[in-house]
Amino acid sequence: MALPLTVTDDPSYDDIADLKAALHAEIPERPDAGYRTLAVLAHDDGLVGGLAGYTHFSWFYVEQLWVNASHRGTGLGSALLRAAEAEARRRECRGVWLDTYSFQARPFYEAHGYRLFGELIDYPPGHAKYFLTKRL
């Protein structure tokens with residue numbers, strides 16, 4: 001008997017949380033497997049910049065790095081990235097990886113020692129998604 005399938009663009013938070021929990025439960029435990037959130041935030045009458053990601057399997061993944069337009073060009077983005085990399089080193093990470101788009105920040109990351117290891121062409125159409133890494 002085939003199970004009914006639900007195709008949706010609005011899954012419940014609980015269903016997604018259950019899916020992630022089930023997948024993570026099947027990852028073999030290793031001394032370096034521990035998932036930990038890592039965030040660096042900058043406030044000045046509200047959030048003006050931040051970096052968020054996680055460490056897992058001795059690597060650091062940068063999910064988001066954002067600096068308010070009023071603080072761009074001040075070195076805040078570089079400071080956020082350096083602080084996060086320093087924490088990743090304290091957590092004994094081997095390296096960092098991230099993704100960005102052709103219309104975003106690839107040159108910024110490359111100026112900080114990141115190197116391209118993958119590219120998804122025409123995503124979105126007319127652009128590319130880049131995957132970058134840096135050894136710590």
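Strands β1 and β2 run antiparallel and are joined by eight bridges, where strands (E, at least two residues) and helices (H or I, at least four) are DSSP runs numbered from the N terminus, and two strands pair if DSSP finds at least two bridges between them. The model is a predicted one, in which local features need pLDDT of at least 70 and side-chain atom pairs count only at pLDDT 80 or more, while totals for chains, interfaces and linings use all residues. Residues are numbered from 1 along each chain as its sequence is written, and side-chain values use heavy atoms, with hydrogens and water left out.

Within the pairing of the two strands, A39 stands opposite A52 of β2. The strands form a hairpin with three residues between them, and in its turn D45 has a positive phi of about 55°. Strand β2 also pairs with β3, in the antiparallel sense and over eight bridges, and here L65 of β3 is the bridge partner of L51. The hairpin of β2 and β3 has two residues between the strands, and F57 takes a positive phi near 50° in it. S58 is found in the loop between β2 and β3, and its phi, near 65°, is a positive value in a residue other than glycine. S58 is buried, with a relative accessible area of 12%, where buried means under 20% relative accessible area, exposed over 50% and partly exposed in between (1.4 Å probe, protein chains only). Strand β2 is mostly covered, since seven of its 10 residues are buried.

These strands belong to an open sheet of six, in the order β1-β2-β3-β4-β6-β5 and with mixed pairing. Because β1 (36-43) and β5 (115-121) stand at the edges, each with a single partner strand, one side of each is left without a neighbour in the sheet. Neighbouring strands are turned by 20° against each other on average, direction ignored, with axes taken as lines fitted to C-alpha atoms (for helices over the stretch in contact) and angles running from 0 to 180 degrees between N-to-C directions. Further along the sheet, β4 (residues 95-101) and β6 (residues 128-135) pair in the antiparallel sense over seven bridges, among which L98 has L132 of β6 as its bridge partner. Helix α2 (residues 76-90) packs on the sheet and touches β1, β2, β3, β4 and β6, its direction making about 150° with that of β1; contact means heavy atoms within 4.5 Å.

The largest nonpolar core has 21 residues, and L51, F60, L80 and Y114 are those with the most contacts inside it. Such a core is a set of buried Ala, Val, Leu, Ile, Met, Phe, Trp, Tyr and Cys residues joined through side-chain atoms within 4.5 Å. At least two residues of this core come from each of β1, β2, β3, α2, β4 and β6, and α2 gives the most, with five residues. Beyond its neighbours within four places in sequence, Y114 is in contact with L81, E85, V96, L98, Y109, L132, T133 and K134.

Strand β1 also contains L41, which is exposed, with a relative accessible area of 53%. When neighbours within four places in sequence are left aside, L41 is in contact with L47, G49, G50 and L80. By contrast, R91, in the loop between α2 and β4, counts as buried at 19% relative accessibility. A polar atom of the R91 side chain lies 3.4 Å from the backbone oxygen of R36.

Eight aromatic pairs are counted under the rule that rings of Phe, Tyr and Trp (its six-membered ring) pair if their centres lie within 6.5 Å, with planes under 30 degrees apart counted as stacked, over 60 as edge-to-face and the rest as tilted. The rings of Y61 and W97 have their centres 4.2 Å apart and their planes at 40°, so this pair is tilted. The pair links distant parts of the chain, with Y61 in β3 and W97 in β4, 36 residues apart. Y61 is buried, with a relative accessible area of 11%, whereas W97 counts as partly exposed at 31% relative accessibility. Both residues belong to one aromatic cluster, formed by Y35, Y54, Y61 and W97.

In the loop between β5 and β6, where P124 has its place, a cis peptide bond joins Y123 and P124, with omega about -5°.

How values were computed: Polar contact = N/O pair within 3.5 Å; in protein donor to acceptor, adjacent residues only side chain to side chain.
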